[in-house]
Amino acid sequence: MALAVEPVAAGHGAVTPKIDEALLEVRGVTKVFGHVQALRGVNFSVRPGEVMALVGDNGAGKSTLIKVIAGAHRPTAGELLLDGRPVTFPTPSAATDAGIATVYQDLALVDQRSVAANLFLGREPTRGIRVDHKRMVADAEEVLKRVRIRIPSVHALVGGLSGGQRQAVAIGRTMAQNSRIVILDEPTAALGVEQQQFVLELILQLKSEGKAVILISHNIGQVLSVSDRITVMRGGREVGVRVKTETTSDEIVKLIVGVQP
Amino acid sequence: MSGPGSDIAQASAEKGQPRTPAASRFRVLGIRELGIFAALLLICICLSIASPYFLVASNLLNVTRQMASIAIMAVGMTYLIIARDFDLSVGSTYGLVGIIAGLMVLNWGVDIWVAVPIVLVFGMLVGLFNGTLVTMVGIPSFIVTLGTLSILRGAALILSGGRPVSDLPPSNFFDVFAGDFHGIPAQTLWMVLILSIAGFVLAKTKFGYHVYATGGNPRAARLMGIKTRRVRIINFMIAGFLASFGGVIALAFLNTVPPTSGTGLELDIISAVVIGGTALAGGTGSILGTFLGAAIMAVVRNGLVLLGISAYWQQAAIGTVIVVAVTLDVLSSRKPGAERD
């Protein structure tokens, strides 16, 4: 009896992750602010190891959708599924705990603190009552290796870093949080050309680590170069999902502005 | 006070594992603190030359006794200012708890050892009140604590009938808070104990990290799950507790509390914090800096007395020290290049 059961149990235990399965799925989400309907039943999904771009004109509902996913807003209706199971995020930290990290446009860094302190902001490792500084520094150095950027030291103050370095710290923080889904809100908007390139490489690094990346950007060229699929939003709902290799910037722009192709 | 390289000190202060022996020395005394320490040393050298009575053990111990209350209370103010808050009510709390404890003993026959914990808890409740109004209602701390400053001062006048509360019966309470242990003033020992604990908590614990984050970038701190309201309320409670502690020390030392006791003390305390290199913009500062700031103020006062200079000049001298300190601080923080490790 026992002999017969064991192999079966082992077979069930070794579940192979299906790459086609959505890691995160948004189903029919609406969001109403007073008299304004910001989201009108959005569907959206992202898979592990995929860069999903989210594009749309100002006011299309991108930011609202992202805030719903990141736990900053509660949806009025509709549901979020993580690994196929419905989830709710009452706070941003609930979303972070569930493995969804957001790199905000202003990066949410504390300039007066070190790179290490910023990488572990709000989740500092402790030993007894002390912050385990040794471990924090070691882990921070590990993260910096993964983001492959020249930052003088994990002890350097974030306020003294360049725009690209700061972006790397903010993206590195999502790695330190071991998040599976990373949301990037206009990560290249304020950067020079070389630093933009560097951030795009970081996005591919996240992808190669098997993370699901949601990229919000106005730069269609960048979106097409780095993403796998593109979700276009207009008027509070998604108006099209395109695979990068099967679309053109012309088609994306037409979807954004609402011109029939 | 704090030289152009002061921000490097901040970085080196955060090093758990210094890479070189030279760096390990900076870890104890960051470069920002080193600048303030140098200023203190310079003032001490000048005073030793100017007066034969300055560099004498009994005088120096007396200076530490005089600075103890301000340094202890400045600890709470340091926490608050790092997190971008203020507490103007600490001077009134300091005065009122002396009145309350004194009246409890004299009028109600309460043992002083029962009265002390009660007033310490009272101070924390004042902090809870301030912190709740500031964080939950969203009134700027400057306004809220300006209000409590007046309320508590009024309470001290009402309770005491405008007369000093004096002559508590003998008790070992006086020895514990204002006596001498092997020649060292009790206040000095309390100061060392409290500042050591507070310095450890601020620099080494998660709560301390969150105090810095709350002041450095409140939005970022909140987004990363730090309960900034809780941090700020705790800060106010620490400040209230330590203000009461200062009041208890004053009661023990003088055995008399005028209802106006502690008037204007909040400004001395803020001065000590600011001279100590804590930026009013939030996010930076240290307990060691605050200690050095309080020491500079105490030494300057002591020196002026020893030199026989009129008390009227003392105010102006302290004011000059503040202006110089803040000017240097602002100039140094304008150089982003200096922020690199």
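**Exercise 1.** Which residue of β5(A) is the bridge partner of A:Leu82?

*Solution.* Keep in mind as we start that this is a predicted model. Begin with strand β4 of chain A, which covers residues 77-82. This strand is joined to β5(A) by 3 bridges, and the two run antiparallel. Now look for the partner of A:Leu82 in β5(A): it is A:Arg85.

**Exercise 2.** Work out the strand order of the open sheet in chain A, then find its edge strands.

*Solution.* Let's go step by step. The sheet has 4 strands, and their order is β2-β1-β4-β5, with antiparallel pairing. The edge strands, each pairing on one side only, are β2 (36-46) and β5 (85-87) of chain A. From one strand to the next, the twist averages 30°. As a reminder, strands of a sheet pair through backbone hydrogen bonds.

**Exercise 3.** Check whether the span of helix α14 of chain B agrees with its number of residues, then describe how covered the helix is.

*Solution.* First, count: residues 287-306 make 20 residues. The expected span is 1.5 Å times one less than that number, so helix α14 of chain B should span 28 Å. Its end C-alpha atoms are 28 Å apart, which agrees. Next, the cover: 15 of the 20 residues of α14(B) are buried, so the helix is mostly covered. Finally, step just past α14(B), where B:Gly308 takes a positive phi of about 70°.

**Exercise 4.** Now try helix α3 of chain B: how far does it reach, and which of its residues are buried?

*Solution.* Helix α3 (residues 31-50) reaches 28 Å from its first C-alpha to its last, close to the 28 Å expected. Its buried residues include B:Ile31, B:Gly35, B:Leu40 and B:Leu47.

Key. Residues numbered from 1 in each chain as written. Chains lettered and ligands numbered in written order. Predicted model: local features only at pLDDT ≥ 70, side-chain atom pairs only at ≥ 80, totals over all residues. Buried ≥ 20, exposed ≤ 12 C-beta atoms within 10 Å, placed from the backbone. Pairing = 2+ DSSP bridges. Axes fitted to C-alpha atoms, helices over the stretch in contact; angles between N-to-C directions.
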